[in-house]
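Me: Please go through the model below with me, in short questions and answers.

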Amino acid sequence: TKTLRQALEEVIPAKQAQLKALKAEHGQAVLGDVKVEHLIGGMRGLKSMLWEASVLDPLEGIRFHGMTIPDCQRELPAAPEGKEIIAESMLWLLLTGKVPTEAETRQLSRELAEKGELPAYVEKLIDSLPTTLHPMTQLGMGVAALNHDSAFAAAYEKGIKKSEYWTYALEDSINLIARLPALAARIFRNVYNPGTPIAGINKELDLVGNYVNMLGYGGNHDLTEYLRLYISLHGDHEGGNASAHTAREILASCMDVVQANACLKDLVGSTLSDPYLSYAAALYALAGPLHGLANQEVLRWQLNMRKELGDNITHEHIKEFLWRTLKSGQVVPGYGHGVLRNPDPRFTALQEFCDTRPELLADPIIQLVKKTYDVAPDVLKEHGKTKNPYPNVDAASGCVLHHYGITQFKYYTVIFGVSRALGALTQFVWSRALGLPIERPKSLSMDAIEKLVKA
Ligand code: FCX
């Protein structure tokens with residue numbers, strides 16, 4: 001049985017050779033035009049980033065190393081007593097491009113469980129925060145503080161070779177992924193159940209099994225399975241989304257500072273050049289309501305709808321509520337996407353999870369999400385602004401958590417944050433393995449653009 005590191009070591013040389021050949025043979029090939037509208041439109045659709053683990057097709061949705069969600073559900077190992085994809089098999093796939101064996105998956109689960117304890121100083125830091133501080137703010141702070149023990153930063157300070165960066169990046173990334181459940185669960189306990197004990201880490205369990213135990217829902221098999229699926233599916237969504245891009249960009253910027261100051265040895269440890277600080281930055285991008293915070297917003301919006309309209313909500317009622325939201329200038333949370341132009345297959349997968357469980361189908365909030373889906377696309381089409389009138393993953397993710405008793409919707413994006421580390425840190429490791437340079441796109445002022453276009 002290979003370790004994750006060995007599996008990665010095997011695939012790196014071929015990828016390095018691929019990059020070298022791509023640069024030498026096609027470095028000057030044109031992939032598209034840069035238009036003025038790209039500069040003022042958030043670079044939507046501009047092909048300008050390298051990202052290995054997943055690619056998002058506007059119509060078909062996400063593929064992880066070429067595998068669709070149903071492919072992953074069929075082929076990636078589940079937990080011993082479960083059926084859903086687990087975070088470990090998804091992480092293995094994202095990092096190596098290969099489907100792990102059962103034994104490899106279990107070995108990775110054990111490694112994560114062994115590394116999952118939080119250092120005492122981080123527990124103290126989190127315990128000292130006001131419980132009114134948003135859970136996402138707390139998560140970012142905890143992740144940033146973990147950089148105290150960054151192997152990457154320490155090794156850099158000693159002066160390692162560029163070719164060795166990835167090994168330390170991997171060590172930090174695994175440690176961070178391993179510790180996220182304990183950190184996220186501590187935040188949950190402090191904010192919502194102060195003073196209650198947190199379960200210890202069971203070395204025989206997978207990452208999400210332990211997370212559910214630490215959240216205080218141990219023994220709820222269906223919730224555990226749901227979160228396994230949720231965390232695997234939210235793991236990566238190619239590179240241009242705000243959180244993933246932040247993790248990459250911050251890394252690049254840090255490396256600039258590091259390289260520029262290589263002679264100033266004691267500056268290195270204080271730069272942002274490690275996975276912890278990069279991922280903390282990514283979390284704060286995820287915390288925006290147009291991105292990851294949308295899953296909290298969806299539930300808030302659907303609960304408001306229920307409060308206002310009562311229990312017997314018809315399609316007509318929902319239409320009126322949708323129009324009221326739109327006319328008040330707000331977005332309909334959980335609908336629309338920067339890339340997708342069809343219903344999000346992650347939304348579909350989460351809906352299918354519900355479809356096989358009668359108790360979920362009977363839940364009024366889950367019914368409301370389904371009913372909203374019946375009418376929202378047509379309302380959004382009639383409204384005429386949204387390029388994609390269909391649901392994204394956030395439209396479905398929160399209502400199932402609500403059903404299982406995690407009703408504290410301000411916490412939902414933290415679960416997304418535990419998940420997105422899989423993809424963002426995968427790219428962190430690959431950026432180092434491929435020796436990618438600092439990101440430094442060119443910016444222009446409006447005057448400079450006018451000069452260029454009028455010339
Ligand atoms: N409700 C109302 N209006 C919407 C809308 C929605 N759900 N989605 C897009 N629009 C509007 C935009 O606000 C924009 O209006 P403007 O011209 O007045 O600025 C117009 O339609 C065109 O936007 P569009 O090109 O379709 O979408 P963008 O790429 O600019 O934005 C997001 C994509 C996802 C930000 C947008 O659809 C949105 O705000 N959706 C609601 C929030 C949400 O669900 N976010 C989660 C997305 C994702 F899944 C994730 O990151 O987790």
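**Ligand shell, confidence and helices**

Me: How do the residues of the shell around the ligand divide into nonpolar, polar and charged?
Reply: Ala, Val, Leu, Ile, Met, Phe, Trp, Tyr, Cys and Pro count as nonpolar, Asp, Glu, Lys and Arg as charged, and the others, Gly among them, as polar. On that scheme the shell around the ligand holds eight nonpolar, ten polar and four charged residues.

Me: Which residues come nearest to the ligand?
Reply: A residue is near a molecule if its C-beta atom, placed from the backbone, lies within 6 Å of it. There are 22 residues around the ligand, and those that come nearest are A294, G336, K385, K387 and N392.

Me: What average pLDDT does the protein have?
Reply: This is a predicted model, in which local features need pLDDT of at least 70, side-chain atom pairs count only at pLDDT 80 or more, and totals for chains, interfaces and linings use all residues. Residues are numbered from 1 along each chain as its sequence is written. The pLDDT is the predictor's confidence in each residue, from 0 to 100. A score of at least 70 is reached by 94% of the residues, and the protein's average is 92.

Me: What ipTM does the predictor give the complex?
Reply: The pTM of the complex is 0.93. Its ipTM is 0.98.

Me: Why does the end-to-end distance of helix α1 agree with its length?
Reply: Helices are DSSP runs (H or I, at least four residues), numbered from the N terminus. The expected span is 1.5 Å times one less than the number of residues. Helix α1 (residues 4–26) has 23 residues, so it should span 33 Å, and its end C-alpha atoms are apart by 32 Å.

Me: Where does α1 bend?
Reply: The bend at a residue is the angle between axes fitted to the seven residues ending there and the seven starting there. In α1 this is about 30°, with a proline, P13, following within four residues, and the bend is at I12.

Me: Is Q138 buried or exposed?
Reply: A residue is buried if 20 or more other C-beta atoms lie within 10 Å of its own, exposed if 12 or fewer, and partly exposed in between, with C-beta atoms placed from the backbone. Q138 has 23 such neighbours, so it counts as buried.

Key: Helix = DSSP H or I, 4+ residues; strand = E, 2+ residues; numbered from the N terminus.
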